[in-house]
Amino acid sequence: MDNALLQEVTAKANAWLSGNFDSETKAEVKSLLDSSDKTALIDAFYQNLEFGTGGLRGIMGVGTNRMNKYVVGMATQGLANYLKKVFADRKDISVVVGHDCRNNSRLFAEIVAGIFSANGIRAYLFESLRPTPEISFAIRQLGCQSGVNITASHNPKEYNGYKAYWDDGAQVLAPHDKGIIDEVNKVQIEDVKFTPNKELITIIGGEMDYDYLEAVKEAMVDQDVILRQKDLNIVYSPLHGTGRVIVPLCLRSWGFQNINVVPEQMVIDGNFSTVKSPNPENSEAMTMGMNLGTKLGADLVIASDPDADRLAIVCRDDKGEWMIINGNQTCMMFCYYIITNMKKLGKLKGNEFLVKTIVTSELIREIAEKNNVKLYDEYTGFKWIAYRIRENEGKEKYIGGGEESFGFLPYDKVRDKDAPASICLICEIAAWAKDNGMSLYQLLMNIYKEYGFQKESAVSVVKPGKSGADEIKAMMENFRNNPPKELAGSPVKLIKDFKSLKQNCVKCGKIEDIKMPESANVLQFFTEDGTKVSVRPSGTEPKIKFYVEVKGDFSSGDYAKVDAEANAKVDAIKKSLGL
């Protein structure tokens, strides 16, 4: 064991024993200090939670590396201090505070609002749980300077999180993220103003729901299709979270009339008792919805994650069996439909653009380029898609953006992933497909036939705690210093290193700059047969992620055969990577 590290965490833990913390917290810290196994103590105190791609996120419990009212309090005090610096010339500074369905989320949200108010900052606190995109919308609608959403998105029940937003409704980017961290690091628990000024806390709810519902309609492409297919048989589940009320309302406002919900999962439950994990990417989380879909003969089954920024779609394949459309296929289908039907309706004027993340399917590039629509590649994390929207505002028209992790935004009134708007749009797409004698599955096959087949697969290697963080760092250094020469037998032709912002043409030896807003700890390898592999440590979880994308020949039109061949190729690439 690293004695210097143990001394450091012991000193930090002892500071919590003597500091301004409640007796329950001190008892838990003492228990960690007294334990002969110091692993839990080290994991709880070896670092301070930092803003990653999703703000603060961690396991709930005592310690500087845990989500608790003191870490939340110090983060909020630091954010308040930073806001007062940046907006010193403003008489009134205001923020929006929202939360999801998780255990302690309401408590943390009330603490956050209270601290802002105690610092002379107006806090618009939602009356109860609301979707992440509505928080983003409210910041813009109310003209606020910042916002905080208490959520851990799709993480397991032990987690909670703290998403910080800026005045454009997007999650905080540099330099503000670093500026906030600098302020947070200066804060001692004694500095936190926990006593609220209730006159500066405004409760919001229904009126903002109405405005958001109206805004979501702007994502609609062709209402006539919906009116013709208003009886589309839809099954929806909020997975116990924030979409439970707003999503059915949005669907009805678009004109859909046959909306069925999974009753057991309409219950607000921070323990997510009907699923192993509240992540719609996991097929198990969709089981109840699929069972109800079978019973009702549904056209499609949809779910949103607990904070309703991500969506998952299940449709019937050519054998009538339920099939989950993965995140890349979802993003691809959205982009295809938006372009195809905006063009058909004469809505494409030539200045439109799409955005995807660098780890998302290259097939979207094929669709965009063939239709003369500009496509931007940005870093993982939806804040980067929001960054591109902001950079292009007033110059080019945003028509959609998404990432492989089941997130999409079909309009620009919100600056984060938006499940309610995306769910409405995928139902419009299903209605359009049905109007043209197709299922969503057949539409997907047609896209592959027209633009080519690509298969994407993601592997996450979980490495928890301090030792795990060290392992992840060593893995990235090894890939950087000893990059693979081939992947599944195909030579690597291009290496992109977003940390140095250089790309290396292996064959020609030419090294060029990569134009991105800042550097990031991401590596990409491209092979001669069209394979793309991206490697990056997660910004919000203790894992390193590998994104593999391979091409396939879809001339046979046999999806099962081509998919199986692609899976075999993906397995061979994983082997080449030592996974």
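The model is predicted, so local features need pLDDT of at least 70 and side-chain atom pairs count only at pLDDT 80 or more, while totals for chains, interfaces and linings use all residues. Residues are numbered from 1 along each chain as its sequence is written, and side-chain values use heavy atoms, without hydrogens and water.

**Six-stranded sheet**

Select the open sheet with the order S1-S5-S4-S2-S3-S6; its pairing is mixed. Strands (E, at least two residues) and helices (H or I, at least four) are DSSP runs numbered from the N terminus, and two strands pair if DSSP finds at least two bridges between them. Go to 56-59 and 201-204: these are S1 and S6, the edge strands, and each has a single partner strand, so one side of each lacks a neighbour in the sheet.

Contact means heavy atoms within 4.5 Å.

**Four-stranded sheet**

Move to the open sheet in the order S13-S12-S14-S15, also of mixed pairing. Select 352-357, strand S12: five bridges join S12 to S13, and the two run parallel. Thr-357 has Glu-378 in S13 as its bridge partner.

Next, select 363-370, helix H13, which lies across S12 and S13. Finish at 382-392, helix H14, which packs on the sheet and touches S12, S13, S14 and S15.

Conventions
Axes are lines fitted to C-alpha atoms, for helices over the stretch in contact, and angles run from 0 to 180 degrees between N-to-C directions.
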